[in-house]
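Here is a report on one protein chain. Have the sequence and the coordinates open while reading.

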Amino acid sequence: MLTIENLHKSYGEKILFNNVTCTIATHERIGLIGVNGTGKSSFLKVIAGLESPEKGMIKHSKDYHIEYLAQDPVLDPDLTVIEQIYYGDSAVMKLMRTYEAALLKLQEDAENTDNQARLMQVQQEMDAEEAWEANTAAKTVLTKLGITDFGKRITELSGGQKKRVAIAKALIQPADLLILDEPTNHLDNETVEWLEKYLQSYKGSMLLVTHDRYFLNRVTNRIYELDKGNLYIYEGNYEIFLEKKAEREALEISSEQKHQNTLKRELAWLRRGAKARSTKQKARIDRVEVMKEETFDTNKDNVDFQVGSTRLGKKVIELKNIKKSYDGKILLHDFSHLIVPGDRIGIIGANGSGKTTLLNIMANRIEPDEGEIEIGETVKIGYYTQGDEELDGNMRIIDYIKEVAEVIHTKDGQVITAEQMLERFLFTRSEQWTYIRKISGGEKRRLYLLKVLMTEPNVLFLDEPTNDLDTQTLSVLEEYLDHFPGVVITVSHDRYFLDRVTKRLLVFCGEGNTSLFFGNYSEYLEKRQLKEGTPTKTKQEKVAEKPKKQKKKLSYNEQREWEKIEGQIMELEEKVEEIQQGIVDAGSDSEQVQKLFAKQQEAETELEARMDRWEELSLLVEELEKD
């Protein structure tokens, strides 16, 4: 177990985490959530020992090992792939490095008896340490991540390949706690699906930050939320977190309303002219002053995209017989496509297959080798690019946005200033005067997104918009796109985002070939799996699938359950009522209210399960009575 006690860290005037206390137990799968700039990456680095807190401590046993994968990992360019992933100090890692070196020497000079003897000795050591499984696992992980040339030097790899090597390096190290900062960034859909399944069976504990909500939902069993310096802990995956967070916010609003009502009564007493003659009266006056200072976190931050778009005519973009190659690799071959008003297109395919190239051709940023592209006269493209736009660190946030527009116009004719739009993007009036160099990478991406939308485009190109944007910003971006009257074309590996935003997919199949699929990503995946074929059922399985004959009577256990179940339901209903009364009696004691509310949820879940079971049994009894 790893214990975190009273951890505190700030950045300038912003408190990142304020006296945070929590524990990470064995086999926990924790997802860390928060708006960009709240300190998620800093929290991971402090736990990993790469940054120091201002106060507080982290406790764990001496042999407790933490493995950390950075969002932008740094690898040794002079090492080979296999040398890089066997970098650890554990006995197994050292032994595997020795084995690979001995194997390489023998390959260079197979006739050398010393080399043969050395390899045999190391193989015996591998047997003794039972290291073959780790060796096989390492190479399997690399292969699954698309790295097959283990002897290639890191300096020869692309950015995406380096990220995959870093992931493999983190996954194969023996670790009590694996920390992953945005592990799905720059991975294609199939690799993300493989990583998701691999992590579900990971032996150690895990703490990760990711924007991929399907990934978060399927991998985690606990959610940590960093919000304004506080850490909120939720038992369950991302789906349960959303439900419980809504409950927490409702409780906070209720507590604030009760607090305000009490404060009004106390202030009315003061205004009637109470004199501080007695100790009791003095205490009451002091209590009012304390109540005035007490604050509640009920201002829910929302990124609000209420911007309009310029009118779009009937003609949008038409591509005719486009061909494009790079370094002899064909990306597009005789590609033709017509984009019409209202289109919602997702572009998917392996990394390096040409997805971003197609966007750049449509945006007239690069020329095709052959073919032509026609763009309608009314088209106004807003292009959110994958690579970081060069943001001038010496500019203030407000000046960066005002370079695009001082005001924008909503669909209903309202005028919104740049300052107001920045507030809707979670930049307060005071923060708007901050220099860009002082904000986090995620905040820079959010600022860049605002700049793109403030141009009031009617055709949006989004190249990997989910990279480096927090889940809250993404969910509201999706809401905005639901009402956006123009065309949306997005390159993304985020399955949730594709499901929410797209109506058809353009699939890059390799060697310049593409195919069109009408539907979202989950529908595409389901059809692809069916096409690849499901295993043929054996005769025994087919027999097992035949419907069984209806039972003639309840089993002994079912009969006992049927006799008791109505009484159990009544008891649970009474229990829920008692808890509800307890919540009312607790008044403004928010801690007690929260505990009772959790008990209420538990009782209601149990009650619902009993009701469902009663319905099953009653139908069965009814059928038996008919017979």
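## The annotated span 96–123

The end C-alpha atoms of residues 96–123 lie 10 Å apart. The span is 86% helix and 0% strand. Helices (H or I, at least four residues) and strands (E, at least two) are DSSP runs, numbered from the N terminus. The unreviewed UniProt entry annotates residues 96–123 and 562–617 as "coiled-coil region". UniProt positions are given in the numbering used here, feature names are shortened, and annotations may be inferred rather than shown by experiment.

This is a predicted model: local features need pLDDT of at least 70, side-chain atom pairs count only at pLDDT 80 or more, and totals for chains, interfaces and linings use all residues. Residues are numbered from 1 along each chain as its sequence is written, and side-chain values use heavy atoms, with hydrogens and water left out.

## N115 in helix α4

N115 sits in helix α4, residues 113–129. Is N115 buried or exposed? N115 is buried, with a relative accessible area of 14%. Buried means under 20% relative accessible area, exposed over 50%, partly exposed in between (1.4 Å probe, protein chains only).

The side chain of N115 reaches the backbone oxygen of K105 at 3.3 Å. Leaving aside neighbours within four places in sequence, N115 is in contact with K105, L106 and D109. Contact means heavy atoms within 4.5 Å.

## The chain overall

The secondary structure comes to 20 helices and 20 strands. Of the 627 residues, 45% count as buried. Take the contacts between residues at least 6 apart in sequence: 68% of them join residues at least 24 apart.

Two strands pair if DSSP finds at least two bridges between them. Axes are lines fitted to C-alpha atoms, for helices over the stretch in contact, and angles run from 0 to 180 degrees between N-to-C directions.

Strand β3 (residues 29–33) pairs with strand β7 (residues 205–209) in the parallel sense, over 3 bridges. G31 has L208 in β7 as its bridge partner.

Another open sheet of 6 strands runs in the order β14-β17-β18-β12-β19-β20, with mixed pairing. Its edge strands are β14 and β20 (513–518), each pairing on one side only. Here neighbouring strands are turned by 15° against each other on average, direction ignored. Helix α14 packs on this sheet, touching β14 and β17. The direction of α14 makes about 170° with that of β14.

Strand β19 (residues 504–510) and β20 pair in the antiparallel sense over 6 bridges. L506 stands opposite L516 in β20, and L505 has F517 as its bridge partner. β19 and β20 form a hairpin with 2 residues between them. In the turn, E511 has a positive phi of about 55°.

Helix α14 (residues 441–453) has 13 residues. From first C-alpha to last it reaches 19 Å, close to the 18 Å expected at 1.5 Å a residue. The expected span of a helix is 1.5 Å times one less than its number of residues. Why is α14 largely enclosed by the rest of the structure? Because 11 of its 13 residues are buried. Among them are G442, E443, R445, R446 and K451. The buried residues of α14 pack against β2 (14–24), β14 (381–384), α12 (397–402), α13 (418–424), β17 (459–463) and α15 (471–483).

L450 is found in α14. L450 is buried, with a relative accessible area of 0%. Not counting residues up to four places away in sequence, L450 touches I401, M421, L422 and F425. L450 and M421 are 29 residues apart along the chain, and their C-alpha atoms are separated by 8.1 Å.

How values were computed
Polar contact = N/O pair within 3.5 Å; in protein donor to acceptor, adjacent residues only side chain to side chain.
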